[in-house]
Structures are given as C-alpha cells and as structure tokens.
Amino acid sequence: MWLRWHALAVDFRLKILVVDDEPLVSALLRQTLEAAGHEVEVANKGSEATRLAKVFDPDLVLMDVDLGSGPDGIDVASAIKFQSPAVSIAFLTNVSEPRLAGKSAKH
C-alpha cells in the first residue's frame with residue numbers, strides 16, 4: 001500500500017500585542033503583522049499595555065524596553081507575565097544593555 005503525503009497548510013494566526021512608545025514603529029509593526037494574518041493590538045504606554053494584555057489575552061508581546069516616561073518595558077513585561085504566565089514576550093529595542101533601560105548614562 002502506498003501512502004500519499006500531502007503538504008498541509010497550517011493556518012497559524014497569533015494574537016500579538018505590540019508595545020512601543022514610538023507611534024511610527026508600532027504602526028509599521030502592526031501593518032506588517034496584520035499583513036501576515038495575525039491579530040494585533042498596540043499600546044504606546046506601559047499602563048495601557050498591562051490593561052490591554054488582560055483583555056486581549058495575547059499569545060505574544062513584542063515589547064520595547066525604553067517606553068519613555070513611566071515604567072520601562074522590563075517592568076511592564078514582568079507585570080504582564082505575572083498576570084498571564086503562558087504569554088511569550090520578545091523585546092525589540094535599540095537599548096544596548098537592557099539592565100540600563102531608563103537609566104541615565106550619568107549614573
């Protein structure tokens with residue numbers, strides 16, 4: 001008996017929360033991810049991200065480390081991970097040393 005194998009097309013749609021204080025960056029990420037078929041929500045502040053993560057229940061959070069004034073991305077990621085332990089978090093940032101996020105170079 002011969003088995004015939006078919007390539008199975010898998011519909012892989014993620015719920016992704018983009019967190020970045022730069023509206024242009026978050027808009028470009030949203031556009032790219034939605035074009036790939038994913039469901040995307042955007043937060044431009046840490047407090048907004050924590051609230052959205054609770055109601056949107058994302059599979060993945062794409063997080064900037066430096067979110068401007070207020071809590072940094074590492075603090076926000078910790079809060080989101082605490083409320084949703086199964087969520088995956090990836091940091092997208094230009095901060096060369098994440099432990100120094102939000103810290104002045106003078107310190």
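Which residue of β3 is the bridge partner of L17? It is V61. The model behind this pairing is a predicted one, in which local features need pLDDT of at least 70 and side-chain atom pairs count only at pLDDT 80 or more, while totals for chains, interfaces and linings use all residues. Residues are numbered from 1 along each chain as its sequence is written, and side-chain values rest on heavy atoms, with hydrogens and water left out. Helices (H or I, at least four residues) and strands (E, at least two) are DSSP runs, numbered from the N terminus.

Take the sheet to begin with. Its 4 strands form an open sheet in the order β2-β1-β3-β4, and the pairing is parallel; two strands pair if DSSP finds at least two bridges between them. At the edges sit β2 (39-43) and β4 (88-91), each with pairing on one side only. On average, and ignoring direction, neighbouring strands are turned by 20° against each other.

Strand β3 (residues 60-63) has links to β1 and to β4. With β1 (residues 15-19), β3 runs parallel and is joined by 4 bridges. 4 bridges also join β3 to β4, again in parallel. L60 turns up in both pairings: I16 stands opposite L60, and L60 stands opposite S88 in β4. As for side chains, L60 and L62 point one way from β3, V61 and M63 point the other way, and all are buried, that is, under 20% relative accessible area, with over 50% counted as exposed and partly exposed in between (1.4 Å probe, protein chains only).

Next come the helices. Helix α1 (residues 23-35) lies across β1, β2 and β3 and runs at about 170° to β2. α2 lies across β1 and β2, at about 155° to β2. Axes here are lines fitted to C-alpha atoms, for helices over the stretch in contact, and angles run from 0 to 180 degrees between N-to-C directions.

Helix α2 (residues 46-56) also meets helix α3 (residues 73-83): their axes come within 10 Å and cross at roughly 15°. The two are therefore roughly parallel to each other, a label for angles under 35 degrees. Their crossing is right-handed, meaning that the near helix is turned clockwise from the far one by less than a right angle. On the α2 side the contact (heavy atoms within 4.5 Å) is made by G46, A49, T50, A53 and K54, and on the α3 side by V76, A79, I80 and Q83. These residues divide into 5 nonpolar, 3 polar and 1 charged, where Ala, Val, Leu, Ile, Met, Phe, Trp, Tyr, Cys and Pro count as nonpolar, Asp, Glu, Lys and Arg as charged, and the others, Gly among them, as polar.

Conventions. Parallel < 35°, antiparallel > 145°, perpendicular 65-115°, else oblique.
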